[in-house]
Amino acid sequence: MASLKVIFLVVDIITSCFFVSMNGFPDTTIDGLVCLVGKVPVDSDVELLILYMLDDLRENTTSHGYNYEVDKTMGKYHYWGNGACNGRLENVDCDQCIIACSNLLRNSCTLSPGAHVKLRDCRLRYEPYEFHGNW
Ligand SMILES: *[C@@H]1O[C@H](CO)[C@@H](O)[C@H](O)[C@H]1NC(C)=O
């Protein structure tokens with residue numbers, strides 16, 4: 001009887017690991033959130049550029065191999081952005097994770113001229129300067 005229980009326990013652990021890695025929703029625990037000091041003017045070109053940047057990162061990170069780098073210009077402003085997901089996520093979970101990042105940046109770094117957030121399973125960043133790779 002005792003050994004049967006051990007077998008059930010092992011099967012339980014194996015199935016829960018399987019579901020965590022294959023069907024798990026993204027882990028959106030916040031590991032870091034930084035807003036660049038200052039505010040861009042409301043209804044300005046630079047605010048619009050930042051909103052376009054976030055839309056682009058939200059729409060294109062999953063379909064660009066889970067690590068999407070982009071730069072955009074509007075008027076005299078030039079911005080760089082990056083969105084990245086844990087490669088083990090399903091597409092839908094990468095999308096959900098990036099949406100969570102984008103909402104956090106919009107709500108917690110409203111009008112900030114630059115910002116980044118790191119969640120356990122994905123990250124999102126936009127800055128008025130060039131940056132690459134792991135951050
Ligand atoms: C996503 O990328 C495509 C192709 O580069 C681009 O045309 C589109 O505008 C991007 N989406 C957004 C919301 O910017």
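I count two residues as in contact if their C-beta atoms, placed from the backbone, lie within 7 Å. The model is a predicted one, in which local features need pLDDT of at least 70 and side-chain atom pairs count only at pLDDT 80 or more, while totals for chains, interfaces and linings use all residues. Residues are numbered from 1 along each chain as its sequence is written.

Helix α2. I took helices (H or I, at least four residues) and strands (E, at least two) as DSSP runs, numbered from the N terminus. I found Leu 49, Ile 50, Met 53, Leu 54 and Leu 57 of α2 buried (20 or more other C-beta atoms within 10 Å of the residue's own; exposed means 12 or fewer, partly exposed in between). Seen down the axis of α2, these buried residues fall within an arc of 135°, so they line one face of the helix, the arc being that of the directions from the helix axis to the C-beta atoms. They pack against β2 (67–74), β3, α3 and β5, whereas the face turned away carries the exposed Leu 51 and Asp 55.

Core. I looked up the largest nonpolar core, which has 23 residues (buried Ala, Val, Leu, Ile, Met, Phe, Trp, Tyr and Cys joined through C-beta atoms within 7 Å). Cys 97 is among those with the most contacts inside it, and Cys 97 touches residues including Pro 26, Leu 89 and Cys 122, not counting residues up to four places away in sequence.

Ligand. I noted Asp 55, Asp 56, Glu 59 and Asn 60 around the ligand (C-beta atom, placed from the backbone, within 6 Å of it).
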